[in-house]
Amino acid sequence: MIRTSRPPSLRSVATEPGDPFSAIMRPPAAESSDDRSARLQREANAKKISDSIDEAIKQDRERMKKRKEDVKLLLLGQAESGKSTLQKQFQLIYNPASLDEERLSWRVVIQYNIVRPVLRILEALDLFAEGDSDDDSRIAKSDSEKLGGNTAASVSRETLQPSPSPSMDQQLSTLRLRLSPLVQLESQLANRLGGVSVSGSGKGSVMVRSGWQARTFGITFGKSRERTSSAKGRFSFTGQRSALENAAPERKSVDMDGSEPPEPEKDKLVEEVAMVLMSCKDDARELWQHPAVKRLRENRKLRLEEWAEYFMDNIARVSAPGYIPTIDDILHARIQTMGVAEHVFDVPLHGRNVTWHLYDVGGARGQRHTWVPYFDDATAIIFLAPVSAFDQYLSEDPRTNRIDDSLQLFKQICSNQLLKQAHLVLFLNKADVLAEKLARGVKVKKYITSYGDRPNEVDAVVSYFKAHFTQVHTRNNEGKRVLYTHLTSVVNTKAMQSIISDVRDSIFRDYLKSAALV
Ligand SMILES: Nc1nc2c(ncn2[C@@H]2O[C@H](COP(=O)(O)OP(=O)(O)OP(=O)(O)O)[C@@H](O)[C@H]2O)c(=O)[nH]1
Ligand SMILES: [Mg+2]
């Protein structure tokens, strides 16, 4: 880079004999007074521009310096590991108004989280009724093509059961008929969420970019909602690094000044689904509690994901008129992240605020390449590994066990040179789902043969998985950094409050240490 000085015309023109610019910049000998004032005006304008450039450079430097002081926290882990749910818990602690503000926009996701499992149950019943007990190829085809790996339910490859009795058949066909208006709304809901199909994400799944809330929110509330803006939290979608460098848009706040919220505009689709849900809720509940469905679930021929079970269990409440999602509903709602979403919070430290940038990434294999640009200046990582996933396979690659994928991914993160300075936290997540699975009698050794004859109990299973993750860390720990491990259920708000404050303190300890060294 070369260093340049101000053009001489902008300083008092001192005509030095040896200066080649002097002659050029010197005013004409016979300059009229009009020409002189025009020239001085030009010079003043040029100086104004030059000063504003200097000021912008100065501000940029200050911003960069401040950005260096910010904490950058990456939430990493495979798809469905709980990253976005953890982000919501941070939001709940450090910017609760913004989560509150999003409540209504989650309705469409929750509706989708109900319609999908209803559809999956009906599809599973179809397979069941067809009852072709030995045709493995049909089941496998149906598994991968019809249901998709990343659906709200999957049907086991095990042998199907014989057909139910004719009266049961009759009941089920009636339910199917009555539920058809609901099922027909599935693709419209997926479109509303801006879903795109990406390879490996499973047929029929929906992925959204960060900011979808704002889009749905805009639809729900109309422009009047945009008036006030006082909340501190900000978010932006950052598909690429360059987009990140732009200032994150201010999140619009709601009623922080105590004024009445504007009357929500009706979202036609959401209202239509709500009406249909209301009229179908008894049928949906009957289907959910039907002995044939119960048997399929008990036999694990039909496996519903945790969010599907949660919303099916709560279908009456969620389908009631005027339903507004609770925080628990929002924490359980499932939508797949695409790209990298940045969320910004102010976190207090000894009487001042430190800006935290949380990066919530899409965890599916096809999304992982988008993480790398965020590695070089990461302060800390929380890696989420769902310990309940021992009996599940990747939707992107149905031959890979999810625990195995988590371990491989963790190894890559531990050994990554760009991340070697980052504070490392491991969440062994979905402890509640693990406990429930084990209580239902699902055997770990059936899926993880190396588990052998260890007790099929939570403590033993967690210790076993923890030992594996610790070993991966120890073997890939050139920098001798500490690994902080927590057993978590990130949907559990009360427990997460104290875990997040522990994590915050440990990140700040490292942060202050490194600041002291600078
Ligand atoms: N019961 C229970 N559910 C959880 C837990 N963690 C996450 N979930 C649920 O699992 C689903 C997936 O969680 P997400 O936070 O969307 O997963 P993610 O890691 O962001 O997934 P991608 O965006 O696809 O990378 C959501 O419906 C969550 O409510 C947990 O500890 N317990
Ligand atoms: Mg996510």
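Predicted model: local features only at pLDDT ≥ 70, side-chain atom pairs only at ≥ 80, totals over all residues.

Which residues of helix 12 (residues 291-298) are buried?

A: In helix 12, which runs over residues 291-298, the buried residues are A292, V293 and L296. These three cover an arc of only 100° around the axis, and therefore they lie on the same side of helix 12. An α-helix has 3.6 residues a turn, so residues three or four places apart point the same way. On the other side of helix 12, the residues P291, K294 and E298 are exposed. Helix 12 is followed by R300, which has a positive phi, near 60°.

The surroundings of the ligand may be considered next. The shell around ligand 1 has 25 residues, and those that come nearest are G82, W307, R334, T337 and G363. By class, this shell consists of 7 nonpolar, 12 polar and 6 charged residues. At least two residues of the shell are supplied by each of helix 3 (83-94), helix 13 (306-313), helix 15 (327-332), strand 6 and helix 17 (431-439). Helix 3 gives the most, with 3 residues. The shell also draws on two domains: at least three residues come from domain 1 (72-100 + 335-517), and at least three from domain 2 (106-206 + 264-331).

T337 is located in strand 6, which spans residues 336-338. T337 counts as buried because 22 C-beta neighbours lie inside 10 Å, and the cut-off for a buried residue is 20 or more. Apart from residues up to four places away in sequence, T337 touches S84, D360, V361 and G362. The unreviewed UniProt entry includes T337 under the annotation "binding site".

R334 is situated in the loop between helix 15 and strand 6. R334 is likewise buried, because 21 other C-beta atoms lie within 10 Å. When its neighbours within four places in sequence are left aside, R334 is in contact with N113 and W307. W307 is itself listed among the residues that come nearest to ligand 1.

The same annotation extends beyond these two positions. According to the unreviewed UniProt entry, "binding site" covers L331, H332, A333, R334, I335, Q336, T337, N429, K430, A431 and D432. These positions are spread over 102 residues of sequence, and they are also spread in space, with up to 22.7 Å between C-alpha atoms. One of them, D432, is found in helix 17. D432 counts as partly exposed because it has 17 C-beta neighbours inside 10 Å. Leaving aside neighbours within four places in sequence, D432 is in contact with S489 and N492.

D35 lies in helix 2, which covers residues 33-69. D35 counts as exposed because it has 12 C-beta neighbours inside 10 Å, and the cut-off for an exposed residue is 12 or fewer. D35 and K68 are 33 residues apart along the chain, and their C-alpha atoms are separated by 49 Å.

Key
Residues numbered from 1 in each chain as written. Chains lettered and ligands numbered in written order. UniProt positions renumbered as here; feature names shortened; annotations may be inferred. Helix = DSSP H or I, 4+ residues; strand = E, 2+ residues; numbered from the N terminus. Contact = placed C-beta atoms within 7 Å. Near = placed C-beta within 6 Å. Nonpolar A, V, L, I, M, F, W, Y, C, P; charged D, E, K, R; others polar. Domains from an automatic or database assignment. Arc of directions from axis to C-beta.
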